[in-house]
Amino acid sequence: MDATVIILFLAIVILTLVITYYAAKRTKSTGDFYTAGGGLTGWQNGLAIAGDYLSAASFLGIAGMIALNGFDGFFYSIGFLIAYLVVLFLVAEPLRNLGKYTIADMINSRFDAKKIRGAAALSTITIVLFYMIAQLVGAGALIQLLFGIDYWIAVLIVGVMMTIYVLFGGMIATSWVQITKAVLLMAGMVVISFLVLMKFNFNISSMFTAVKTATNHGADYLKPGILYTEPLGTISLMLALVLGTAGLPHILMRFFTVKDAKTARSSVITATWTIGLFYILTLFLGFGAAAFVGQNSILAANPGGNMAAPLLAQAIGGDMLFAFICAVAFATILAVVAGLVLSGASAFAHDIYGQIIKKGKATDRQQMLAARNASLAVSVISILLALGAQYLNVAFLVSLAFCIAASANLPVILYTVYWKRFNTTGAVSALLTGLLSALILVSMSPSVFSPVEGAALFVGEPIFPISNPAIVSVPLGFLAGYLGTVLSKEYDPVRYAEVKVRANTGYRGPR
């Protein structure tokens, strides 16, 4: 690598560390650490949400998916974008009005039960680990490509940096790193898309014609069915992507960083426009990579296809654009993993330690210490898991996290806000059934077992035929919540009336 290229890369990384340094000075309380003191404006939080959401799966994984599989790769872009409408219309406002730091807070506003808080924390930590593995795999491949170092060293570098962000800066640092990264990422996407269009004389029709002959799929490249040949499997994937966002702990946690529900709504609108533009532009990245890099070169760089976007930047913009895109992708991953570590740490420190073990009597200092220790633990576990997942596509790994979120968290969130009869037994049933069914079905799926050696983690015939089990696990989560409720005798209409008023107005009564 040219020295100028390395300097550009390091400059962006140093910028994020400077942000963390100044944020650390402002992180003085538990509220600052978890939610930035609720002081972000709508546009700031909207960009931070976009920064949190546009992860390695979006930037690296989807570009590779489209480059290698054409239209089927674009399913991820469609699913991730539509998912935000579910968040906007059903979840954002009541979550902000009912919660404090975590999803468990929101559920506990109606059911004051330790077992619900424990189950919600377990679900959150599981989702965080799946998502973290995807980000670290992407980061490892990226640093390996840029500097030529071993994958495991690259993963360790990312792991150390993300831990620094969270340990010292908390949500304030994480938010501003995400805002900075969202702006840089969108700039990079626009530049690459412009250069790709310029190669086709700004004629989109010419681009579509060119990619029909650019890959070994021929004209089928622009049709569904290359990657997802089974209709049920495709529906299952889309179900996970569309419903999963509304249950992702690190995304929902962002709604606690604003002062009221109105600001939460404006946050989602800003995020939706930013995310929408981004996912439209992934088409140019994927098609451009197929045309100007080639599928063989993409697979040679990384078997999961995760390096398609950086290789495209190098092919059409030279080493400087390549370094910029790698640096932005690295900042992307660091921002997202920092948010993930924070949500996993808050689930343990606030829910398990603060509320269950210490019965809500933990001091600010004790909670901060527990949160920082939990951050360290989440980071170490994620790094160890990522070392064994080097060759998996990061977009696929994230889709499994979405599946768990849609199966376990979403049923409880919606029932808590919208169903009068819902009770503690139903909440625990939905959380555990959704979580366990998703994990068990994935462990028996083609993602884990394949008769072709090297195509999955183990050689063998899969028992469950669909890679992403959302089509089964999501209904099971909702059904378990329903049956758990109707088969038990608990019922508290007064508490629900209070929750309904708070969810719709934000009114918390006289202080």
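**Exercise 1.** In which loop is the place of Tyr491? Determine also its exposure class and its contacts.

*Solution.* The model is a predicted one. Step 1: Tyr491 is placed in the loop between helix 18 and helix 19 (493-505). Step 2: the relative accessibility of Tyr491 is 42%, so the residue counts as partly exposed, this class lying between the limits of 20% and 50%. Step 3: once neighbours within four places in sequence are left aside, Tyr491 is in contact with Lys420 and Arg421. Step 4: for Tyr491 and Arg421, a separation of 70 residues in sequence corresponds to 6.3 Å in space, C-alpha to C-alpha.

**Exercise 2.** Which relative orientation do helix 17 and helix 18 adopt, roughly parallel or roughly antiparallel? Characterise their contact.

*Solution.* Step 1: the axes of helix 17 (residues 424-443) and helix 18 (residues 470-486) come within 7 Å, with a crossing angle of roughly 155°. Step 2: angles over 145 degrees count as roughly antiparallel, and helix 17 is therefore roughly antiparallel to helix 18. Step 3: the handedness of this crossing of helix 17 and helix 18 is right-handed. Step 4: on the side of helix 17, the contact includes Gly426, Ala430, Gly434 and Ala438; on the side of helix 18, it includes Gly477, Ala480, Gly481 and Gly484. Step 5: by class, the residues of the contact of helix 17 with helix 18 comprise 6 nonpolar, 11 polar and no charged.

**Exercise 3.** Carry out the corresponding analysis for helix 7 and helix 17.

*Solution.* Step 1: the axes of helix 7 and helix 17 come within 9 Å and cross at roughly 25°. Step 2: because angles under 35 degrees count as roughly parallel, helix 7 and helix 17 are assigned to that class. Step 3: the crossing of helix 7 and helix 17 is left-handed. Step 4: among the residues of helix 7 in the contact are Ile116, Ala119, Leu122 and Phe130, and those of helix 17 include Val428, Leu431, Leu435 and Leu439. Step 5: the contact of helix 7 with helix 17 has 11 nonpolar, 3 polar and 1 charged residues.

**Exercise 4.** How many residues does the largest nonpolar core have, and which have the most contacts inside it?

*Solution.* Step 1: the largest nonpolar core has 155 residues. Step 2: those with the most contacts inside this core are Tyr53, Phe59, Phe80, Ile192, Phe255 and Phe330. Step 3: helix 14 (residues 308-357) gives the most to the core, with 23 residues. Step 4: a second, separate core of 5 residues includes Ala349, Tyr353, Ala362 and Ala370. Step 5: apart from neighbours within four places in sequence, Phe255 is in contact with Ile49, Val87, Ala92, Leu95, Arg96, Ala264 and Val268.

Technical notes:
Residues are numbered from 1 along each chain as its sequence is written. This is a predicted model: local features need pLDDT of at least 70, side-chain atom pairs count only at pLDDT 80 or more; totals for chains, interfaces and linings use all residues. Side-chain values use heavy atoms; hydrogens and water are left out. A nonpolar core is a set of buried Ala, Val, Leu, Ile, Met, Phe, Trp, Tyr and Cys residues joined through side-chain atoms within 4.5 Å. Buried means under 20% relative accessible area, exposed over 50%, partly exposed in between (1.4 Å probe, protein chains only). Helices (H or I, at least four residues) and strands (E, at least two) are DSSP runs, numbered from the N terminus. Contact means heavy atoms within 4.5 Å. Axes are lines fitted to C-alpha atoms, for helices over the stretch in contact, and angles run from 0 to 180 degrees between N-to-C directions. Angles under 35 degrees count as roughly parallel, over 145 as roughly antiparallel, 65 to 115 as roughly perpendicular and the rest as oblique. A crossing is left-handed if the near helix is turned anticlockwise from the far one by less than a right angle, and right-handed if clockwise. Ala, Val, Leu, Ile, Met, Phe, Trp, Tyr, Cys and Pro count as nonpolar, Asp, Glu, Lys and Arg as charged, and the others, Gly among them, as polar.
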